[in-house]
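Please open the structure in your viewer and keep the selection tool at hand.

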Amino acid sequence: MTNDEAKQKLLLYRGAIDDADPQFAEALADARRDPELAEWLRQQNSAYNAIRAKLREIEPPRDLAETIIRRPAIPFHRDWTQLLKLAAVVIVSASVTAVALKVLQRQNRPGAQGREILVRGEVLDMTCYIAYNLSGPEHAQCARDCIRNGLPVGIKGENGKVYLLVGKTKPVNAELADYAAKIVTIKGKESLRDGFAQLQVEEIRKF
Amino acid sequence: MSADPEFENLVKLYYRDLYRFGLSLTGSEADACDLTQETFYIWANKGHQLNNPTKIKAWLFTTLHREFLQICRRRERFKHEPIDQATENLPEISADVVDRLDAQTIVNVLGKIDEAYRAPLVLYYMEDLPYKQIAEVLQIPLGTVQSRIARAKVRLFQLLNETAPPIKQTQ
């Protein structure tokens, strides 16, 4: 084996962890005989250890482990009825939103246009709220993702009443995603469809 | 919500290594946190499917890597440089060059390397995994792992030497 061939082999050698790996045996034997190759290998190992040490200096944020441990996981594998329930809620909620928007857009019926009101309350991701009663700051990240991904968005007023938030001609998810789980005041037109309270958003005021 | 003690122990055992792997792949603290969280989230939902407890670490690394690849496909924002096929010129690097760099700079340099080469290189440096296990984690053949690490290492040395040129000794 030439020196260059030995170097190509030993480029992957990491020290003790690879000592038992037979692919390095011949090249290591060469390095024991050849001082120039031995010096090259010593430098390689020093560089390997220095880079490894630097990378292993990296520390995660202090609260990462706690965040992972406390994050509520939806136990899909434990109870499939929960998954089906969630899927049903998503489909029903999405359908309600889609139908409401279509009706507002195409028919513009007087019944869909209600009085203008102000509602102050928490912005909700309706899917998780209805299926699992999840809301509040601990659920903010999930709510933000759900709203951003187009799932129905709502607001729970200070009096406890929940409204589905809809836009005039298009969904308002993009405008509301950053306010997920935050308290805002929304000015809009209240309407009722099949007993479901809706608010057609006209203005969002963040506190 | 109270956590499962078994899950809590698993998180405490592996979250640092997974975070470091995530940071070295993405170069972003926020993305590394997201990947680490997502990995444990998937474990909470699917980990029961793993029958061999000795494979937990490899399973977690494989999952994080797979999630990273999905993010890459979705965002297409992680920059990388393709690596030349030839590795005949082996650049040298001294520990002194590395000592003058901080961990974040090394992570930034790793970010310039093509993802397909970066992941095996990071595992090569950070985890005491035999090559066969690195191949299992990344789900690519052993020979491919070794050739990618060799090429990536050459590229890393070139980039590190450019970032912190060796100090010339004066006579």
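Which residues are exposed on the other side of α3(A)? They are A:Pro35, A:Glu39 and A:Arg42. Please bear in mind throughout that this is a predicted model.

**First stop: helix α3 of chain A**

Select residues 35-56 of chain A, which form helix α3. The helix has 22 residues and reaches 31 Å from its first C-alpha to its last, close to the 32 Å expected at 1.5 Å a residue. Next, colour A:Leu37, A:Leu41, A:Gln44, A:Ala47 and A:Ile51, which are buried in α3(A). Turn the view to look down the axis of α3(A): its buried residues fall within an arc of 125°, so they line one face of the helix.

What covers the buried residues of α3(A)? The cover includes elements of chain A, namely α1 (3-10) and α2 (25-33), together with α4 (95-99), α5 (103-110) and α6 (115-126) of chain B.

Remain in helix α3 of chain A and select A:Ala38. With 14 C-beta neighbours inside 10 Å, A:Ala38 counts as partly exposed. Apart from neighbours within four places in sequence, A:Ala38 is in contact with A:Ala31 and A:Arg32. The C-alpha atoms of A:Ala38 and A:Leu28 are 8.6 Å apart, although the two residues are ten apart in sequence.

**Second stop: the nonpolar cores**

Now select B:Tyr15, B:Leu121 and B:Val122. In the largest nonpolar core, which has 53 residues, these three touch the most other members. Helix α1 of chain B (residues 5-26) gives the most to this core, with nine residues. Another core, of 23 residues, lies apart from it; A:Ala100, A:Tyr129, A:Tyr179 and A:Ile186 are among its members. In soluble globular proteins generally, nonpolar side chains tend to be buried together.

Centre the view on B:Leu121. Beyond its neighbours within four places in sequence, B:Leu121 is in contact with B:Ile113, B:Ile149, B:Ala152, B:Lys153 and B:Leu156.

Select residues 131-138 and 142-163 of chain B, which are helices α7 and α8. They pack at an angle of about 100°, with their axes 9 Å apart. The helices α7(B) and α8(B) are therefore roughly perpendicular to each other. On the α7(B) side, the contact is made by B:Tyr131, B:Lys132, B:Ile134, B:Ala135 and B:Leu138, and on the α8(B) side by B:Leu142, B:Val145 and B:Gln146.

The loop between α7 and α8 of chain B holds B:Gln139. This residue is exposed, with 9 other C-beta atoms within 10 Å. Phi of B:Gln139 is near 60°, a positive value in a residue other than glycine. Most residues other than glycine have a negative phi.

**Fourth stop: two further residues**

Select A:Ala181, in the loop between α8 (173-176) and β4 (183-193) of chain A. Is A:Ala181 buried or exposed? A:Ala181 counts as buried, with 20 C-beta neighbours inside 10 Å. Its phi is near 70°, again a positive value in a residue other than glycine.

Finally, select B:Asp31 in helix α2 (residues 29-46) of chain B. B:Asp31 is partly exposed, with 17 other C-beta atoms within 10 Å. Not counting residues up to four places away in sequence, B:Asp31 touches B:Gly22 and B:Thr26. Between the C-alpha atoms of B:Asp31 and B:Tyr19, twelve residues apart along the chain, the separation is 9.4 Å.

Notes: Residues are numbered from 1 along each chain as its sequence is written. Chains are lettered from A and ligands numbered from 1 in the order in which they are written. This is a predicted model: local features need pLDDT of at least 70, side-chain atom pairs count only at pLDDT 80 or more; totals for chains, interfaces and linings use all residues. A nonpolar core is a set of buried Ala, Val, Leu, Ile, Met, Phe, Trp, Tyr and Cys residues joined through C-beta atoms within 7 Å. A residue is buried if 20 or more other C-beta atoms lie within 10 Å of its own, exposed if 12 or fewer, and partly exposed in between; C-beta atoms are placed from the backbone. Helices (H or I, at least four residues) and strands (E, at least two) are DSSP runs, numbered from the N terminus. Two residues are in contact if their C-beta atoms, placed from the backbone, lie within 7 Å. The expected span of a helix is 1.5 Å times one less than its number of residues. The arc is that of the directions from the helix axis to the C-beta atoms. Axes are lines fitted to C-alpha atoms, for helices over the stretch in contact, and angles run from 0 to 180 degrees between N-to-C directions. Angles under 35 degrees count as roughly parallel, over 145 as roughly antiparallel, 65 to 115 as roughly perpendicular and the rest as oblique.
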